[in-house]
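Subject: Structure handover

Hello,

Please take over the structure shown below. My notes on what was found in it come after it.

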Amino acid sequence: MGDREKESWKLRLSQRLKGFLGILIFIFLLLTSRLFFLQIVNAQEFSKQSAENRIRINPIEARRGDILDRNGQVLATSQPVYIVSLRSVPNQDLDTVINNLAALLQDPELTPAAIKELIANNPYRYQSTEIKRLPASDPEAMATVTRLEEHRQELPGVNIIEEPQRYYPYGPLAGHLLGYVGQITQEELETRKEDNYGINDKIGKSGIEAFLEYYNDGNLEMGLRGKKGAEQVEVDAANRKVRDLVTLPPTPGDTVQLTIDLKLQQTLERAMDQVIAATKKQNPKAGGGAAVVLDVKSGAVLAMASKPDIDPNDFVNGSYAKKASYYNDPRLKPLFNRAIQGVYPPGSTFKPITAMAALDAGVVKPQDTIYDTGRYWKPGGITCWAVHGNVNLYRGMAVSCNTYFQWAGELAGIEKIDDVARQFGLGQPTGIVGLQGEAKGILPTPEWKKQINAPYWDRWLKNQEQRIEKKYVDLLAAAAPADREKLLKQKEQELRQIRAEYQINYNFNTTWQPFNTYNTAIGQGDNNYTVIQLANYIATLANGGTRWRPYVVDKVIGADGSLKKEYRPEVMERVAVSQEAMAQVRQAMLAVTQSADGTAAFLFRDFPPDIKVAAKTGTAQTGLAGDDKNSDFHGLFVAFAPYDDPEIAIAVIIEYARHGGDSAGVVAREVFAQYFGLTDILNKPFYGVSVE
């Protein structure tokens, strides 16, 4: 290589080295500027992001207020649970996390597929999906939580928090009355948007839980719902809490004390369960019933039951899905509160109303006597269940003579019967304080009959006229000209016949008939009332004519022990029926249990002399489609005690029980025995039904 070539090669090498050096300098400057940008310019922003990754602000659920009975016994409370949830986080292999979580939970129902389904069904994708709840008091739950914590590194996005969960220590006892809580819906969120509810909040759905969920009118804020707190915590890379920074404690909800007596409620439900079970052996359709016990001097509800049961725990502990077929049974309708929502024909329990109407109108005196041959003697009269011979008010009530009460009802007249029934609250909501969704029932009146039936017959006429018009359009279109006049005359004749038939049916079915009065007077026909209406009417009769508004809530007590609200007895109406008429009817009801042939005499023979029970039994055709009017009946019983100075009243219905005395009456017997402390009578096997 010559000198010239060597110089040329050195020059090219020098240029290349300078190029590499320039590139290195450029890269160095680029890295330096980036480092400057990150450390100096964006230091505050990245410091903020780091803090956000390290610092968590977690809401703290507030403990829901307790519900107590009148003596302070806890009917609903809260207990701690661990909630395992899963959320999306950066760089998360979701399938692997799900598989790991399923393996660690060791729950055969929470397979990876099941967990994926839970996530897919979460309507709020940006929120954590709840996977499982674990009661903090359960040793197995603690073992599960420990396993999860030990494998935190394998579970990015899995979170475990402790929060209070609603708990009902007596399970289904008073389930319909207490109600239950559940996940808030979008509609409820909209309705309560001023009350700061969140999409994951639980809310009272029925019963007391719903009635006293939350109330704020600016002057008074109260309810079972508490106020959430919050905690600021520092976590490590595995999302484990390192230390607490700041905590704002939650405020528990208010305590609600009810008028319910726990022991009386237990006795009522135990007796109903036993009687319903015995009834079901006789009629497979049985399974339902309802009862209400009232303080006659205030309207306070001492006990209330609806069967079949609901267990409010099922709606918070995950059991509902397993029992969905039970709760959605279209025949039993467990979620339906039969005590305030079910309407039933009252049967003979209505007869005291008819008696008061006749006595108050002055058309019948207590000693007036008729002779019962087994049927009311006028056209449309209804048969009696037996031949009773000579019957006055006292014997008529004692033996429940249909003939006597049809006679008394006809003399009183439907307007008077309806007026008395209305005064005693039948066919209208009682306005009970503490429960929602109360049914109105039906008090049949001449105006009601026309209002309910006239539209049907008007539609019938219109349909028949349209049918005839269509028929002759086709006939006339196909007829020869010579036959058209004849067809038109036939059409007019058919229309006249239809209109004449309509007028007869319309007049008969929209005008009150004597048989309507007979049916109403003995509690059949279109009579339909709620069990709480029956209990309240008997309480009104027992106390001498003061109709109280029933109430379930006694007081609301704040978390600090202050009395926020007290519910006091409220008079709805003082009936205009004379005191003499009511006294005579009460005496007649006493004969039901005290006279030798009284329909409920067998129930209270072993009660002490100072605790006399006045009552009325009832057996009513169900009136339901598909039921046999000769064999499908409801058994009813209404009563008050003690007769001389009434304290409590009761109304009971046992669906598909053939007689009221030996079904609903047995339940009432147990309740009275419990209330008056008759321990030697309480739970004693009775009349073929064990109430142990």
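This is a predicted model: local features need pLDDT of at least 70, side-chain atom pairs count only at pLDDT 80 or more; totals for chains, interfaces and linings use all residues.

A helix here is a DSSP run of H or I with at least four residues, a strand is a run of E with at least two, and each kind is numbered from the N terminus.

The chain as a whole

The chain has 692 residues, of which 49% count as buried. It contains 20 helices and 23 strands. Take the contacts between residues at least 6 apart in sequence: 71% of them join residues at least 24 apart. The exposed surface comes to about 33,800 Å², and 52% of it is supplied by carbon and sulfur atoms.

The nonpolar cores

The largest nonpolar core holds 132 residues. Leu258, Met304, Ile353, Tyr404, Phe424 and Phe672 have the most contacts inside it. Helix 18 (residues 531-542) gives the largest share of this core, with nine residues. There is also a second, separate core of 20 residues, and Ala102, Leu104, Ile115 and Leu155 are among them.

What does isoleucine 353 touch, once residues up to four places away in sequence are left out? Its contacts are Ile417, Val420, Ala421, Phe424, Leu426 and Tyr537.

Threonine 354 belongs to helix 11 (residues 351-361). Is threonine 354 buried or exposed? Its relative accessibility is 0%, so threonine 354 counts as buried. Leaving out residues up to four places away in sequence, threonine 354 touches Phe405, Ala408, Gly409, Ile417 and Ala521.

Ala521 is also one of the buried residues of helix 17 (residues 514-521), together with Asn516, Thr517, Tyr518 and Thr520. The cover over these buried residues includes helix 11, helix 13 (402-412), helix 14 and helix 15.

A buried threonine in a loop

Threonine 430 sits in the loop between helix 14 (414-423) and helix 15 (446-478). Threonine 430 counts as buried because its relative accessible area is 4%, and the cut-off for buried is under 20%. Beyond four places in sequence, threonine 430 touches Glu438, Ile532, Gln533, Asn536, Arg549, Pro550 and Met572.

Lysine 440 is 10 residues from threonine 430 in sequence, and their C-alpha atoms are 8.4 Å apart.

An open sheet is built from five strands in the order 14-13-23-22-21, with antiparallel pairing. Which strands lie at the edges? They are strand 14 (301-307) and strand 21 (614-621), and each of them pairs on one side only. From one strand to the next, the twist averages 5°.

Inside this order, strand 22 (residues 633-641) and strand 23 (residues 648-654) are joined in the antiparallel sense by seven bridges. In this pairing valine 638 stands opposite alanine 651 of strand 23. When you look at the strands, remember that the side chains of a regular strand alternate between the two faces of the sheet.

Two helices lie across strands of this sheet. Helix 9 (residues 262-282) lies across strand 13 (289-295), strand 14 and strand 23, at about 30° to strand 14. Helix 20 (residues 664-675) lies across strand 13, strand 14, strand 22 and strand 23, at about 150° to strand 23.

Strands 12, 18 and 19

Strand 18 (residues 553-557) runs antiparallel to strand 12 (residues 255-258), and four bridges join the two. Threonine 255 stands opposite isoleucine 557 here. Strand 18 also runs antiparallel to strand 19 (residues 563-566), with three bridges between them. In that pairing lysine 555 stands opposite glutamate 566.

How many residues lie between the strands in the hairpin of strand 18 and strand 19? There are five, and in this hairpin glycine 561 takes a positive phi near 90°.

Regards

Technical notes
Residues are numbered from 1 along each chain as its sequence is written. Side-chain values use heavy atoms; hydrogens and water are left out. A nonpolar core is a set of buried Ala, Val, Leu, Ile, Met, Phe, Trp, Tyr and Cys residues joined through side-chain atoms within 4.5 Å. Buried means under 20% relative accessible area, exposed over 50%, partly exposed in between (1.4 Å probe, protein chains only). Contact means heavy atoms within 4.5 Å. Two strands pair if DSSP finds at least two bridges between them. Axes are lines fitted to C-alpha atoms, for helices over the stretch in contact, and angles run from 0 to 180 degrees between N-to-C directions. Accessible areas come from the Shrake-Rupley method with a 1.4 Å probe; for residues, only the protein chains shown count as cover.
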